[in-house]
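Work each one before reading its solution.

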Amino acid sequence: MSRITINHTLLLFLFFFTSFLFVPDSRAQVADPIPYKNAVISSADAYATQAGIETLQKGGNAIDAAIAVQFALAVTLPRAGNIGGGGFMMLRLANGEIKALDFREKAPSRATEDMFLDENGTYVPELSRTGGLASGVPGTVDGMISALERHGTLPLEVILEPAIRLAREGFQLTYSHAEGLNSNRDQFSKFEGSEKIFLRADGALWREGQILIQTDLAETLERIALRGRDGFYSGYTARLIIDEQQRQGGRMTLRDLRNYESVWRNPTRAEFKGHELFMMPPPSSGGVVMSQVLSMIDGINPDSTGVNSSQYIHLLSEAFRRAFADRNYFLGDPDFVSMPIDTLLSEGYNIDRFSDYDPESATPSSEISHGQISGFAESNETTHFSVVDADGNAVAITTTLNGSYGSHVAVDGAGFLMNNEMDDFSAKPGVPNMFGLIGAEANSVKPNKRMLSSMSPTIVTRDGQLKMVAGGSGGPTIITAVFQDIMNELLYGMNATEAISSPRFHHQWMPDQIVVERFSLPDDVQKNLNQKGHSIRVVSTLARTHIIVIDDDGNRTAAADPRGNGSVSGY
Ligand code: DON
């Protein structure tokens, strides 16, 4: 019965997508049903996926390929790919070792708690979203070099070849690239560095198929190829970044850039129905939230309720609601705040936290606060990609500028956009950020602190064997979407394409609503949820994910989200 519901819903969903939400794009490839024997890559852009494949064919491993994808995305997906942003990497080496790399941005050393408030103490959202103050110190370049030094095999200049070529010779814009650049003209025209790159010199609009050449970016990438970290964090590029900061009223200094370091962290680990999940720890909230939800629903046997039945959506929404309430209160940068992580990850705490779950009725979010733990006084503008190589090394990277095209400020002369990640801080307790997330003191702005994230690159194993590489974009919806992709695979046996195409829903405690994708819910499911007391908000799509699933024979099947223009390739 539940299977019929999935297929019905899936078909309806795909029909509507393919009929008018999809933009025709010769380079886009939703999913590839071919199981590859050796290596496979799923990313948001065909040029970037190809850059990774080229790197594998030069003899590189999954880490080398992932780094090549990251740098290529900085050229071919300017709204999210970046060198002026940051992110997280989950890595599983062929020998079974699992590692998490945090290359999240940091607040500049001259950041202050009130930097986004006016003289009356009122939050001014514009300040944390556009212009100089919006940017954290970028972590991407240090993160990639750190991963290469520890686990890569090829020289940086070889890995950077495809990105440099794409920047210098240009690449063809898709419809969605052209549309994205055109609809951001007003913001780009405020900043000279951005205007030069992203507005056409003749004043006309961009069109699909035109070539975007980024010469300054090619030169920045060449400096990185030649000098490594110093090609970005000191010398000419650093000077250009700080000059731009000063023109735009930012507070970043040369010393902030020189001092930036990515951090290797222990993954958050959870067991669920014979599988092990390796998830991103703080300053990402993804691992803690997913782990809490797993503990809350484990005793309840969600698979018996049928994927996307009203019972399933109710169960998960109630768990998401409680876990997000904890996230927003307790979580922040582990180097700055003391967090009750052991408790939050313990089965006992979560069973207790879910003890008031009523299968028949929604608990209003107003009645749910964070858990009582003694001692303790988050558009589609991020991008995720997954890579598995022939030896079984696996990499999941989620990377972002935060909002679409970040702060909209491109560093003049260096040719890349700076992030607006400062908006992920809680600018003022109780005031929502651009994703409607309400934060607390744990995520307040402090000098050199990392802002809390929802990015959730995740690796799943079974019996010590690689089973799934997952992750996505979409602010807080990343957590709930990645969670649902994993459940679709682990509980309902879907293949990669089915898992990723299945309709999604989202609940983040506040606002108190289940967000669902348009045309995704049969009428009776929606009515059942209303009857239980849920209000439903309909949006066009939720999150974009890129997953790889490995079967018991080692076949690698990958999918790129049909909600975006991603690309899968392998051999
Ligand atoms: O780190 C975070 O949670 C956000 N900066 C992610 C932003 C994002 O996913 C925007 N795109 N959809």
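**Exercise 1.** Is Lys 99 buried or exposed?

Solution. The model is predicted: local features need pLDDT of at least 70, side-chain atom pairs count only at pLDDT 80 or more, and totals for chains, interfaces and linings use all residues. Residues are numbered from 1 along each chain as its sequence is written, and side-chain values use heavy atoms, with hydrogens and water left out.

Step 1: apply the cut-offs, where buried means under 20% relative accessible area, exposed over 50%, and partly exposed in between (1.4 Å probe, protein chains only). Step 2: Lys 99 has a relative accessible area of 18%, so Lys 99 is buried.

**Exercise 2.** Find the salt bridge of Glu 97 and give its closest N and O distance.

Solution. Step 1: a salt bridge is a side-chain nitrogen of Lys or Arg within 4 Å of a carboxyl oxygen of Asp or Glu. Step 2: Glu 97 pairs with Lys 99, with the closest N and O atoms 3.2 Å apart. Step 3: Glu 97 is partly exposed, at 37% relative accessibility. By this rule the count comes to 35 salt bridges.

**Exercise 3.** Where do Asp 243 and Arg 239 lie, and how far apart are the closest N and O atoms of their salt bridge?

Solution. Step 1: helices (H or I, at least four residues) and strands (E, at least two) are DSSP runs, numbered from the N terminus. Step 2: both residues belong to helix H13 (residues 235–247), 4 residues apart, about one turn of the helix. Step 3: the closest N and O atoms are 3.0 Å apart. Step 4: Asp 243 is partly exposed at 27%, and Arg 239 is partly exposed at 35%.

**Exercise 4.** Which residues are linked in a network of salt bridges?

Solution. The network holds Glu 318, Arg 321, Arg 322, Asp 356 and Asp 512.
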